[in-house]
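Here is a short briefing to read alongside the model. Take a look at the structure first, then follow the points below.

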Protein chains: 4
Amino acid sequence: MNFRSDNCAGAHDLVCESMTKNAGGFAASYGASDLDRRVEEKFNELFGREVAVFFVGTGTAANSLAMTAVNRPGGVVFCHPQAHLAEDECGAPEYFTGGARLCGVDGPLGRIDIERLQRAIDGYPADFVHMGQPMAVSITQSTEIGTLYSLDQIAAISAVCRRNGIPLHLDGARFANALVSLDVSPARMTLEQGVDIISFGGTKNGCWCAEALVFLDIDLARDMPFLRKRAAQLFSKSRFIAAQFDAYFEKDLWLELARHSNAMAARLATGLEASGNCRLAWRPEANEVFPFIRRGTVDKLMKSGGEFHEWPVPSSFAGEVGEDEVLCRLVTSFATTEHDVDRFCEIAG
Amino acid sequence: MNFRSDNCAGAHDLVCESMTKNAGGFAASYGASDLDRRVEEKFNELFGREVAVFFVGTGTAANSLAMTAVNRPGGVVFCHPQAHLAEDECGAPEYFTGGARLCGVDGPLGRIDIERLQRAIDGYPADFVHMGQPMAVSITQSTEIGTLYSLDQIAAISAVCRRNGIPLHLDGARFANALVSLDVSPARMTLEQGVDIISFGGTKNGCWCAEALVFLDIDLARDMPFLRKRAAQLFSKSRFIAAQFDAYFEKDLWLELARHSNAMAARLATGLEASGNCRLAWRPEANEVFPFIRRGTVDKLMKSGGEFHEWPVPSSFAGEVGEDEVLCRLVTSFATTEHDVDRFCEIAG
Amino acid sequence: MNFRSDNCAGAHDLVCESMTKNAGGFAASYGASDLDRRVEEKFNELFGREVAVFFVGTGTAANSLAMTAVNRPGGVVFCHPQAHLAEDECGAPEYFTGGARLCGVDGPLGRIDIERLQRAIDGYPADFVHMGQPMAVSITQSTEIGTLYSLDQIAAISAVCRRNGIPLHLDGARFANALVSLDVSPARMTLEQGVDIISFGGTKNGCWCAEALVFLDIDLARDMPFLRKRAAQLFSKSRFIAAQFDAYFEKDLWLELARHSNAMAARLATGLEASGNCRLAWRPEANEVFPFIRRGTVDKLMKSGGEFHEWPVPSSFAGEVGEDEVLCRLVTSFATTEHDVDRFCEIAG
Amino acid sequence: MNFRSDNCAGAHDLVCESMTKNAGGFAASYGASDLDRRVEEKFNELFGREVAVFFVGTGTAANSLAMTAVNRPGGVVFCHPQAHLAEDECGAPEYFTGGARLCGVDGPLGRIDIERLQRAIDGYPADFVHMGQPMAVSITQSTEIGTLYSLDQIAAISAVCRRNGIPLHLDGARFANALVSLDVSPARMTLEQGVDIISFGGTKNGCWCAEALVFLDIDLARDMPFLRKRAAQLFSKSRFIAAQFDAYFEKDLWLELARHSNAMAARLATGLEASGNCRLAWRPEANEVFPFIRRGTVDKLMKSGGEFHEWPVPSSFAGEVGEDEVLCRLVTSFATTEHDVDRFCEIAG
């Protein structure tokens with residue numbers, strides 16, 4: 001009953017199979033193989049236009065290189081305070097950019113508040129060298145707390161970006177989970193709403209290690225071949241990332257895995273609510289569930305083999321949390337089984 | 001007949017098998033899984049002492065992080081002008097360190113000349129802030145041109161490092177090829193000769209993507225957990241690297257693969273010399289062969305499916321190269337077949 | 001009637017005189033002249049112990065190099081959101097450190113709140129590589145809004161630093177103004193309260209360009225000669241900075257200038273309060289006055305040659321500010337005259 | 001008899017006077033004062049077109065920021081191995097650019113050899129990410145060893161830059177000395193030969209601290225206001241640099257000082273040659289003299305109060321240097337007197 005994170009899961013059989021299948025023979029290295037090219041072509045199809053795709057090894061690398069591609073001296077990136085960029089990358093975005101700053105823009109339910117966003121940007125007036133200058137907005141979809149931006153919300157944030165002359169980056173570590181939840185195409189969720197750059201994650205959804213930096217605005221990718229290589233993210237046997245994506249996209253495996261993962265989260269939410277010992281902090285929209293669980297129940301679950309993180313209570317809940325209530329984070333994945341979910345809920349009951 | 005590079009080969013069956021075998025179930029992420037721990041333990045056994053091991057994704061990452069671990073303001077790394085660090089990493093060592101400098105120290109046959117090394121270091125007098133300060137020496141074993149440092153040569157370079165208070169790094173992208181050629185233990189080739197840090201490469205010798213940064217002097221590794229994470233080289237599903245190394249070390253697979261690779265290089269060298277249309281620029285000591293081949297023969301080989309790089313002629317050969325002679329680099333790997341070698345030599349003949 | 005900033009003033013006569021007096025003849029460059037040494041010795045006397053002093057050209061350089069001296073991978077500096085470091089240096093601290101992060105810790109009246117400070121530090125648990133790690137606390141004395149930390153408050157913040165194993169930096173761009181206001185010695189305000197590093201500013205208080213980075217804990221200064229030179233802050237004719245400090249300290253000129261400056265601020269505050277059209281947002285403790293002034297009065301003042309900045313109203317004043325009230329910042333300096341102050345107050349009346 | 005360096009001299013009387021004259025009153029800070037504007041206008045006149053001028057504090061800052069302005073990922077700067085950039089800045093260019101590389105291009109008499117330059121650039125083929133990419137050529141005028149590039153030589157190097165799509169930077173720490181020696185206008189020496197960016201030095205020629213980064217191609221200066229501020233090189237009381245330049249340019253003081261300095265070097269060269277105990281390593285073309293002096297004479301000179309540096313003998317002199325000959329560097333300045341020169345030569349005789 002491992003709900004610690006979707007990266008505690010391993011890799012899907014078909015992904016493994018594809019790697020093994022492509023392990024033989026000789027191929028051009030450093031991303032120049034036929035397989036690399038073919039998978040890049042798949043990304044074009046996915047977005048319905050020519051995009052610029054760069055495979056990298058980790059989500060942190062994708063995010064940090066995205067920021068490097070749009071870097072400015074004294075540059076400031078606006079993101080949610082809980083963004084992976086801000087909370088889970090040990091300062092990699094700052095390091096890769098040689099010192100860009102992350103400016104937290106809070107908002108309810110893991111989403112940047114649009115009025116606060118404009119106010120935060122206004123804090124950096126044009127040509128005022130003392131403060132620095134805006135360089136990008138980054139949103140996470142699905143968010144770090146399992147919620148979603150609606151298409152309209154993305155479009156509204158993009159409109160702020162346009163007005164202020166800065167690009168919009170989308171951290172899609174859980175891109176597929178968002179996509180199937182919104183039930184739209186990749187282009188509809190991003191391109192059509194004005195997203196410029198995507199950290200397109202496969203790792204959390206059934207790959208070993210398959211991340212892609214996708215530039216919908218290919219002009220922004222001009223320096224990327226050098227930026228990626230300089231950041232030690234150009235893999236000599238790049239085809240092994242391509243091989244994972246190849247299986248991942250084949251017959252929409254990625255969407256199927258994400259649907260399963262989301263369904264498990266929904267099942268878990270329902271089951272926990274029914275147990276009487278839990279209440280949802282907010283409704284899950286992808287593959288993460290955040291319930292308040294009674295301390296005694298938490299202990300029982302952990303003792304019975306349940307694995308999950310306790311989570312800091314957002315300040316917006318002040319005064320509304322019982323003394324023995326613990327906020328928990330439960331993450332489901334392609335590998336989560338109904339059996340584990342049901343047993344977990346049963347123990348919680 | 002692909003002799004372009006050992007990274008044009010794929011992955012060995014047993015390595016693939018191990019990845020597949022370890023793909024199921026849940027495991028702690030970010031290097032904390034049992035498998036990760038077990039493989040780290042293997043490294044301890046390999047070197048006969050407790051070492052500090054950090055898995056990373058590319059050789060460039062290993063080298064650059066090694067330099068970051070020993071970084072100093074105004075720091076200067078002394079390496080051969082043909083070092084991978086200097087010629088093939090797009091400035092990653094300079095980037096990761098925030099501006100350390102590589103100082104080329106030439107020497108015959110891909111090896112740093114020891115007297116030039118001391119002279120180069122002397123160019124940076126202690127406490128003279130204008131020039132900067134020495135921070136490390138880096139050697140490659142086997143070298144970029146398929147030769148080896150003898151144990152005595154490594155020890156002599158280490159002695160220079162000791163005298164000047166700087167650590168010795170060994171770029172072991174082809175560590176195994178050197179080891180089996182010298183027929184010594186890992187500890188004997190490194191620890192006992194005074195090496196402090198190793199970029200331990202598995203990728204070129206039959207893995208997909210398995211590199212480890214090994215600190216024999218574990219004090220130097222103090223900051224590494226943060227340095228690695230900040231550099232986007234901490235893999236969430238780290239066990240997929242561990243799984244590769246697990247198979248790699250099992251029953252000395254790695255040594256067997258390297259022996260095969262070296263044997264293919266020797267066979268190729270012998271075959272080419274016998275052909276009458278080639279002469280060796282220098283004797284191969286690992287898995288790279290550098291012959292002068294007549295232009296007509298080069299064309300014939302390429303037309304017949306031979307793949308390899310033409311190579312710049314070192315200035316030390318000035319006046320000794322025939323007008324129609326082309327210096328070529330041929331790299332063998334675990335995947336090279338006798339059949340391909342023999343056919344290549346036959347065409348050359 | 002220029003109250004825009006203390007750096008709109010020029011240089012004191014005695015400072016100019018000293019530069020001219022030391023302009024002739026030859027002297028050792030790069031900080032090795034007799035005058036440099038003598039002024040360094042003065043700093044030792046000032047703090048009653050051997051300190052490590054490094055002249056630099058700007059306050060931003062002093063602050064940023066202080067952070068570089070205590071830098072860690074994934075490092076986080078805790079400072080007030082209004083700190084000069086955070087608001088006025090275009091990301092220089094982040095740039096110089098290669099990506100350290102500033103974490104704003106709010107608190108009333110320009111001072112870091114000590115409980116929030118500990119909470120903020122707790123957000124970066126030891127050895128948790130994902131978040132990064134604490135590396136320093138930086139306070140400004142006098143603060144950016146003209147208030148002061150009491151000695152006890154400094155000691156309390158230092159105690160938090162000690163507990164968490166990080167150094168305490170003091171941005172003393174207005175060091176002298178704080179000192180004469182508290183009426184204590186330099187050592188008492190810093191060393192005895194547990195400050196480790198000081199950005200010691202002379203520029204705002206009557207010099208052209210005289211800043212010093214002072215390490216009370218000289219162990220932290222080990223790399224500074226190289227750090228300063230690498231940051232282009234080692235001046236070839238360093239004696240011109242020394243010459244300024246020489247006059248600055250002679251017969252306590254610096255304290256006299258600061259006393260004058262503070263007295264002008266007090267006079268301004270009293271005069272404005274008496275005018276009936278202004279109220280002080282908070283009581284000035286050094287050389288900056290923040291009054292709410294009626295819009296009409298602001299216009300009249302500006303039309304009459306008054307120069308000063310309108311200032312954003314802190315959120316803590318929400319609901320307490322009249323519709324026609326404007327928060328203003330008025331800064332006095334060594335060059336401010338009673339005449340200008342009185343005339344300004346008269347116009348405001 | 002101080003010939004150690006032109007930065008051992010102080011400041012010219014008129015420069016001091018100008019600083020003192022401009023010390024009073026209030027003025028806009030951070031480069032926005034009338035004086036700043038007026039001096040910027042002088043630079044426009046000097047070059048006969050609108051240029052972009054940025055005052056900075058040190059020559060190292062000017063050079064390093066010039067490189068930052070033209071920075072590229074994996075970028076490589078081509079300069080002479082003895083360039084100040086490479087030998088005297090503690091890696092500041094690498095640090096400011098976040099890791100650009102300096103590639104030494106040797107050539108006789110302190111000048112980059114043009115054929116070697118093209119060959120060096122050819123070592124970085126377009127779009128070949130492994131090596132990095134060319135980003136600039138930097139030449140020093142007058143060179144670090146007191147020689148000059150002729151106008152044709154500058155034009156030829158610029159032509160190489162144009163062909164390879166990279167800008168040409170000129171380190172003009174001794175700009176005036178070169179100018180009066182060639183007896184041409186600033187525009188003729190730079191703009192008309194294809195120079196794009198100049199580190200325009202005043203410090204070595206009679207200022208305290210007056211350096212300007214001048215962009216003849218103002219498009220390259222787009223990011224400079226932020227780059228300079230971020231690098232801690234925007235001075236709050238910027239007018240003190242402007243005041244120095246104001247006096248420096250007034251009635252061509254700068255050219256007069258440089259002429260004096262060069263004349264002193266010529267007199268020194270002649271006098272030393274006549275002494276019989278010295279021979280010139282090469283003919284001085286600006287304000288630096290490099291004689292071989294007999295060891296006994298060196299000792300006598302030093303004992304008698306002569307101050308100067310011994311200098312490493314270039315490899316091109318191998319076999320041509322007597323056992324008791326010492327290569328020395330003697331630098332003259334605006335402050336050097338005929339009396340000192342003659343006495344020095346007399347002692348040498």
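In this predicted model, H169(C) of strand β5(C) has S138(C) as its bridge partner. Strand β4 (residues 133–140) of chain C and β5(C) run parallel and are joined by four bridges. Between them the chain passes through helix α7 (residues 151–164) of chain C, making a right-handed β-α-β crossover.

**The other neighbour of β5(C)**
- Strand β6 (residues 197–201) of chain C also runs parallel to β5(C), again with four bridges.
- Here G172(C) sits opposite F200(C) of β6(C).

**Burial of β5(C)**
- Strand β5 (residues 168–172) of chain C is largely enclosed by the rest of the structure, because five of its five residues are buried.
- Side chains in a regular strand alternate between the two faces of the sheet.
- In β5(C), L168(C), L170(C) and G172(C) point one way, while H169(C) and D171(C) point the other way.

**Where chain B meets chain A**
- The contact involves 50 residues of chain B and 50 residues of chain A.
- Together the two chains bury about 4100 Å², with 62% of it on carbon and sulfur atoms.
- F26(B), W208(B) and K237(B) account for 21% of the area that chain B buries against chain A, more than any other three residues.
- Which elements of chain B give two or more residues to the side that touches chain A? They are α1 (13–21), α3 (59–69), α5 (92–96), α10 (224–230) and α11 (239–249) of chain B.
- Across this interface of chain B and chain A there are 24 residue pairs in polar contact, counting pairs with both residues at pLDDT 80 or more, but zero salt bridges are found.

How values were computed
Residues numbered from 1 in each chain as written. Chains lettered and ligands numbered in written order. Predicted model: local features only at pLDDT ≥ 70, side-chain atom pairs only at ≥ 80, totals over all residues. Heavy atoms only, no water. Buried < 20%, exposed > 50% of the residue type's maximum accessible area, 1.4 Å probe, protein only. Pairing = 2+ DSSP bridges. Right-handed = clockwise from strand over helix to strand, strands pointing away. Contact = heavy atoms within 4.5 Å. Buried area = accessible area lost by both parts, 1.4 Å probe. Salt bridge = Lys/Arg side-chain N within 4 Å of Asp/Glu carboxyl O. Polar contact = N/O pair within 3.5 Å; in protein donor to acceptor, adjacent residues only side chain to side chain.
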